[in-house]
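Try each task before you read its solution.

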Amino acid sequence: KAINDPHEEGNRRTHEANRKFDRALVRPAAGAYGSILPAPVRQGVGNFASNLNLPGVIVNNLLQLNIDGAVKNSWRFVINTTIGVGGIFDPSSSFELYEDRSDFGETLHVWGVGEGEYVELPFVGPSTQRDTVGMVVDVFTNPLTFGAPNPEKYMGPVAKGLSKLGDRYTYSSSVDSVLYDSADSYAQARQLYLQSRRFQLGQQQEDQGGDGYDGY
């Protein structure tokens, strides 16, 4: 499927700014974070952030009429929040209750909304018009965003930010290879994102089946 990137020139400028931001701040911070905290602690932070995100995932499961996923994620949230000490530990996986991941970008896809144009977002990176809307809406579809009092409601964003630093540290070789070692880091990052996202949403299978899909 052809890539719909009519604003490539502007996207490339944003991409270069993101590379400079990563080189100057994110990569050093991720290196320090990964060096100071041992892997089990980083895993606990990631588990905690993922658990706090689950209520929003459940909302998207329901919006997609994915009742099985909503039930599974609800049980996962209850078990990890209680037995797992607020989600730091992941006992639900031992019961084979793995997360049925979703987001509002996927919900829009299920509702038939096309992918739209490719965009590179400042400080975020590769996205699409549909997924950009989804990211904004996801902030408001998570009940914990508004249900928690101060300062508890800030725990989610902080934990998510630390989890992202952990991911940047864990996958540093792959990220550095794309951003700093490839001949065209913008095209490489764009291709990897689109392939991954389309595979996640099952769009490649749709394409092969001849149904096609809107977007790029």
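**Exercise 1. Burial and overall build**

What percentage of the 216 residues of the chain count as buried? Then describe the overall build of the chain.

*Solution.* Keep in mind that this is a predicted model.

Step 1: 38% of the residues of the chain count as buried.

Step 2: Turn to the secondary structure, with its 10 helices and 2 strands. Following the sequence, these elements come in the order α-α-α-α-β-β-α-α-α-α-α-α.

Step 3: Along the principal axes, the C-alpha atoms fill roughly 50 × 45 × 30 Å.

Step 4: Look at the contacts. Among those with a separation of 6 or more, 67% join residues 24 or more positions apart.

**Exercise 2. Surface and charge**

How much of the accessible surface belongs to carbon and sulfur atoms, and how far apart are the mean positions of the positive and negative charges?

*Solution.* Step 1: The accessible surface of the chain is about 12,100 Å², and carbon and sulfur atoms hold 61% of this surface.

Step 1: The chain carries 19 positive and 26 negative charges, and their mean positions lie 6 Å apart.

**Exercise 3. Checking helix 5**

Check the span of helix 5 (residues 129–141) against 1.5 Å a residue, and list its buried residues.

*Solution.* Step 1: The expected span is 1.5 Å times one less than the number of residues. For the 13 residues of helix 5 this should come to 18 Å.

**Exercise 4. Two residues and their contacts**

Are F48 and R19 buried or exposed? Which residues do F48 and R19 touch, leaving aside neighbours within four places in sequence?

*Solution.* Step 1: Find F48 in helix 2 (residues 39–63). A residue is buried under 20% relative accessible area. F48 has 19% relative accessibility, so it counts as buried.

Step 1: Beyond its sequence neighbours, F48 is in contact with G86, G87, I88, M155 and A159. As for G69, it is 21 residues from F48 in sequence and 20 Å away in space, C-alpha to C-alpha.

Step 2: Move to R19 in helix 1 (residues 8–36). With a relative accessible area of 18%, R19 is buried as well. Setting aside residues within four places, R19 is in contact with L179, Y180 and S185.

**Exercise 5. Loops and a helix residue**

Where do L65 and V85 lie, and how exposed is S174?

*Solution.* Step 1: L65 is in the loop between helix 2 and helix 3 (67–82). Its relative accessible area is 70%, so L65 is exposed. Though not a glycine, L65 has a positive phi of about 60°.

Step 1: V85 sits in the loop between helix 3 and helix 4 (104–110). V85 is not a glycine either, yet has a positive phi of about 55°.

Step 2: S174 belongs to helix 8 (residues 172–181). A relative accessible area of 48% makes S174 partly exposed. From S174 to N53 there are 121 residues in sequence and 26 Å in space, C-alpha to C-alpha.

Technical notes: Residues numbered from 1 in each chain as written. Predicted model: local features only at pLDDT ≥ 70, side-chain atom pairs only at ≥ 80, totals over all residues. Heavy atoms only, no water. Helix = DSSP H or I, 4+ residues; strand = E, 2+ residues; numbered from the N terminus. Buried < 20%, exposed > 50% of the residue type's maximum accessible area, 1.4 Å probe, protein only. Contact = heavy atoms within 4.5 Å. Areas by Shrake-Rupley, 256 points an atom, 1.4 Å probe, with all protein chains shown as cover. Lys, Arg positive; Asp, Glu negative; His and termini not counted. Charge placed at Lys NZ, Arg CZ, Asp CG, Glu CD.
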